[in-house]
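Reader: I am new to this structure, and I would like to understand the words used to describe it. Could you walk me through them?

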Amino acid sequence: MREFEEIESQVRSYSRGWPTVFVKAKDSTIYDESGKSYIDFFAGAGALNYGHNHPEIQRSLIDYVSGDGVIHALDMHTSAKRDFLTTFNDVVLKPRNLDYRVQFPGPAGNNAVEAAVKLARKVTGRELVARFTNAFHGMTLGALALTGNAMKREGAGVPLGHTVTLPYDNYLDGQMPDLLWIKRLLEDSGSGISQPAAVIVETVQGEGGINVASVKWLQALSSMCKENGILLIVDDIQMGCGRTGPFFSFEAAGIEPDIVCLSKSLSGYGLPFALTLMRPELDVWEPGEHNGTFRGYNPAFVTATKALDLFWRDSTLQDSTAKKAKLVEERLTAIVADNPDVAVTTRGSGLVQALAFDDPRITEAVCTEAFERGLLIETAGPESEVAKLLPPLTISENQLHEGLDVLAESVKVAVKETQ
């Protein structure tokens, strides 16, 4: 481990909780250099919805690279880009009656967010963007201004302005309808808040603690934005590409955002890839007005196209995700029942599920114990109080049960150690 300690920056984080050197990964298992295997309930923070090194996606990449396919092309036309655009339109957009222009803003999720917010301000001529409590949208300055976590915001080193914070669904514990407060703030000229260009929202707040917005709340938010001429941006970077079941996490609510941000599992293989989708009339960019050197990564076009072909031409994956989600919910409910002396609840949607402990020390201990027993899970929430499960959507039910067995044992040990 000496090379990492002496050469790599102190900013590293995941490696501190998982102090080993990983060398190989396949499907839902990752191996370290000692040969120990770990069941992966982390999946690259949601970037590996189809698991590690899916053989058919891998083959498409190998064939493309070995055939001297174009790797770097900025935003030039390539056959790989054409294949992706055609497939994305035919497999994702048309079946859902969604009419979006596709922008390649750069390789990461924060690039998609930055482009979305910049575009909203350009279209409306307004500066303010509304975001929600416990939101996470990225670590670049524009995206960080939309993020709620105090520790992450303090790292900016400069004021993070031109945003306003609104309460997320049930943030006030039912004591006041959250959207009533939002409507009053936005519609009252005496509130001190000017008309926002956009509202940006996650349908499920991943880093914020697996907070799930209700269908009713999302529908009301969408209606409120329409009524007030405010653009609705859905950040579907972690929860899109099937994580909650449907391809887009907002499908269950029957809403159509003005702008959508995608990344993480979009490439299907863990390669950097992001999209900003917008209604056609919002596509008011001047050529080159928003650009970047790596905004069209052709290997990611190839793997993304193969992933769409494999998993999204029918409902097989979505149906499987729903079945596995039910299994995880039942097992987590049983873990809560088996630990009656601990304040812990379940939460989640699809295959993003969690155990939320009142005592963050227990959560940290659970993740540590899980790692020792061969299971990777991470924490979430403002106090790292949530143990977050993000298994690949393609994980087998047997391995899902095996990982949940490890989790149940880890909770039992962690509770004993912290009491």
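This is a predicted model: local features need pLDDT of at least 70, side-chain atom pairs count only at pLDDT 80 or more; totals for chains, interfaces and linings use all residues.

Reader: Where does Gly44 lie, and why does Gly44 count as buried, partly exposed or exposed?

Author: Gly44 lies in helix H3, residues 43–46. Helices (H or I, at least four residues) and strands (E, at least two) are DSSP runs, numbered from the N terminus. Buried means under 20% relative accessible area, exposed means over 50%, and partly exposed is in between (1.4 Å probe, protein chains only). Gly44 has 28% relative accessibility, so Gly44 counts as partly exposed.

Reader: What makes Gln399 buried or exposed?

Author: Its relative accessible area is 16%, so Gln399 is buried. Gln399 has its place in helix H14. Leaving aside neighbours within four places in sequence, Gln399 is in contact (heavy atoms within 4.5 Å) with Ser28, Thr29 and Ile39.

Reader: What is there to notice about the phi of Asn170, and what about Lys264?

Author: Asn170 has phi near 65°, a positive value in a residue other than glycine. Asn170 sits in the loop between strand E6 (163–166) and helix H9 (178–187), and its 47% relative accessibility makes Asn170 partly exposed. For Lys264, phi is near 45°, again positive in a residue other than glycine. Lys264 belongs to the loop between strand E11 (259–262) and strand E12 (275–278), and a relative accessible area of 25% makes Lys264 partly exposed.

Reader: Why are H13 and H14 called oblique to each other?

Author: Start with the angle: the axes of helix H13 (residues 360–372) and helix H14 (residues 397–418) come within 8 Å and cross at roughly 130°. Axes are lines fitted to C-alpha atoms, for helices over the stretch in contact, and angles run from 0 to 180 degrees between N-to-C directions. Angles under 35 degrees count as roughly parallel, over 145 as roughly antiparallel, 65 to 115 as roughly perpendicular, and the rest as oblique. H13 and H14 are therefore oblique.

The crossing of H13 and H14 is right-handed; a crossing is right-handed if the near helix is turned clockwise from the far one by less than a right angle, and left-handed if anticlockwise. Among the residues making the contact are Arg361 and Ile362 of H13 and Val406 and Leu407 of H14. By class, the contact has 10 nonpolar, 2 polar and 3 charged residues. Ala, Val, Leu, Ile, Met, Phe, Trp, Tyr, Cys and Pro count as nonpolar, Asp, Glu, Lys and Arg as charged, and the others, Gly among them, as polar.

Reader: At what angle do H4 and H11 pack, and which residues meet there?

Author: Helix H4 (residues 55–66) and helix H11 (residues 298–311) pack at about 145°, with their axes 9 Å apart. H4 passes H11 in a right-handed crossing. The meeting residues include Glu56, Ile57 and Tyr64 in H4 and Asn298, Pro299 and Phe311 in H11. The contact of H4 with H11 divides into 8 nonpolar, 3 polar and 2 charged residues.

Reader: What makes E1 and E15 edge strands?

Author: An open sheet with mixed pairing has 4 strands in the order E1-E2-E3-E15. Two strands pair if DSSP finds at least two bridges between them. Strand E1 (22–26) and strand E15 (375–376) each have a single partner strand, so one side of each is left without a neighbour in the sheet.

Reader: How do you know that E3 and E15 pair?

Author: 2 bridges join strand E3 (residues 37–40) to E15, and at least two are needed. The two strands run parallel, and Asp40 stands opposite Leu376 in E15.

Reader: How many bridges do E13 and E14 have, and what is the phi of Gly350?

Author: Strand E13 (residues 344–349) and strand E14 (residues 352–357) pair in the antiparallel sense over 6 bridges. Thr345 has Ala356 in E14 as its bridge partner. Their hairpin has 2 residues between the strands, and Gly350 takes a positive phi near 60° there.

Key
Residues are numbered from 1 along each chain as its sequence is written. Side-chain values use heavy atoms; hydrogens and water are left out.
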